[in-house]
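Reader: Hi! Could you walk me through this one?
Author: Happy to, here it comes.

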Amino acid sequence: MCSNHSTVRGLLKEVPAGERVVIVDTGASPEHFTRGTTEFIDVMLVVAEPYFKSLETARRYYGFARQLGIPKIWVVANKVRGIEDQAAIEEFCRHHDMEILAWIPYDASLADAERLGAAPLDHDPASAWVNTTSLIVERLLEPESV
Amino acid sequence: MGLNVLRLSYLHQTLALNLLPMKIAVSGKGGSGKTSISGTLARLMARAGREVVAIDADVNPNLALTLGLWQERFDELPAMPHGLLEHLTVNGETRLKLAKPFDEVISEYSVECPDQVRLLLMGQPLAGTG
């Protein structure tokens, strides 16, 4: 019954050496932690929005990732609308010892892309949302980042 | 000068051989933007020159959309089948192991998306099977 998760886990365990990047989009439920699907991950990005329920979920997932022994765990703050949002996330993360990798602003063009069922990158490649997401790529590809 | 060039290319090769893959997972509450971020990261990593494999491990798969695959092609997306793992017993200890090499799994079950990202879908549960 758990073979779908085991297959992904087995695949991640056996990624061959080389300059490859594997990106796993997980389900919203914590199943991928509890079943060890993401055990062999190097970098766990925990996406959090500036409201309590989202931050609370992020805190739990951050903890699961620590328990699995994932070497690098970062919060990515998403849909940030201003200084109050930023302060709320910063305060929460400081309090729970969670490291923040990037701030992605709320961007109407992303909502448009979602409504149209388009890839954000194709819908508006010059949007603030895409620009800040590309900063994450730069950070992750820095030689000493991971 | 020739020697330096040679040394440099040797160094590059050594580094290339020792390079480790980078395995990234994106998690968070439903609606937080995981899938938009995963898909966009995958394509931007590919544009930065990396060979990228994107795995949709959500039972409600939507990663194809944010990767920019044409919606007309969604029905032909192959999910990874059951039975890709086999039991391997070493010294009396049984472990699960991939039945095929990683690259073979990619070439057989992935779909090519824009920027040459390869998309793999986790197998889906069937209705009524729990």
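Reader: Which residues touch the most other members of the largest nonpolar core?
Author: Ile23(A), Val46(A), Ala54(B), Leu67(B) and Leu119(B), in a core of 72 residues. A nonpolar core here is a set of buried Ala, Val, Leu, Ile, Met, Phe, Trp, Tyr and Cys residues joined through C-beta atoms within 7 Å. Buried means that 20 or more other C-beta atoms, placed from the backbone, lie within 10 Å of the residue's own.
A word on the source: this is a predicted model, where local features need pLDDT of at least 70 and side-chain atom pairs count only at pLDDT 80 or more, while totals for chains, interfaces and linings use all residues. Residues are numbered from 1 along each chain as its sequence is written, with chains lettered from A and ligands numbered from 1 in the order in which they are written.

Reader: Thanks! What is Ile23(A) in contact with, leaving aside neighbours within four places in sequence?
Author: Its partners are Ile24(B), Val26(B), Ser38(B), Leu41(B), Ala42(B), Val52(B) and Ala54(B). Contact means C-beta atoms, placed from the backbone, within 7 Å.

Reader: And why is strand S2 of chain A largely enclosed?
Author: Because six of the six residues in S2(A), residues 43-48, are buried. Strands are DSSP runs of E with at least two residues, helices are runs of H or I with at least four, and both are numbered from the N terminus. Val43(A), Leu45(A) and Val47(A) point one way, Met44(A), Val46(A) and Ala48(A) the other.

Reader: Which strand of chain B does S2(A) pair with?
Author: S1(B), residues 22-28, in the parallel sense over five bridges. Pairing takes at least two DSSP bridges between the strands. Leu45(A) has Val26(B) as its bridge partner, and Val47(A) has Gly28(B).

Reader: What about S3(A), how many bridges join S2(A) to that strand?
Author: Six, and the two run parallel. Val46(A) bridges to Val75(A) there. From S2(A), the chain crosses through helix H3(A), residues 52-68, to S3(A) in a right-handed β-α-β crossover. Right-handed means that, with the strands pointing away from the viewer, the path from the first strand over the helix to the second runs clockwise.

Reader: Switching topic: how many residues does each chain bring to the contact between A and B?
Author: Chain A brings 59 and chain B 58. On the side of chain A, helix H1(A) gives the most, with eight residues.

Reader: And chain B overall, how many helices and strands?
Author: Four helices and six strands, and 38% of its 130 residues are buried.

Conventions:
A residue is buried if 20 or more other C-beta atoms lie within 10 Å of its own, exposed if 12 or fewer, and partly exposed in between; C-beta atoms are placed from the backbone. Two residues are in contact if their C-beta atoms, placed from the backbone, lie within 7 Å.
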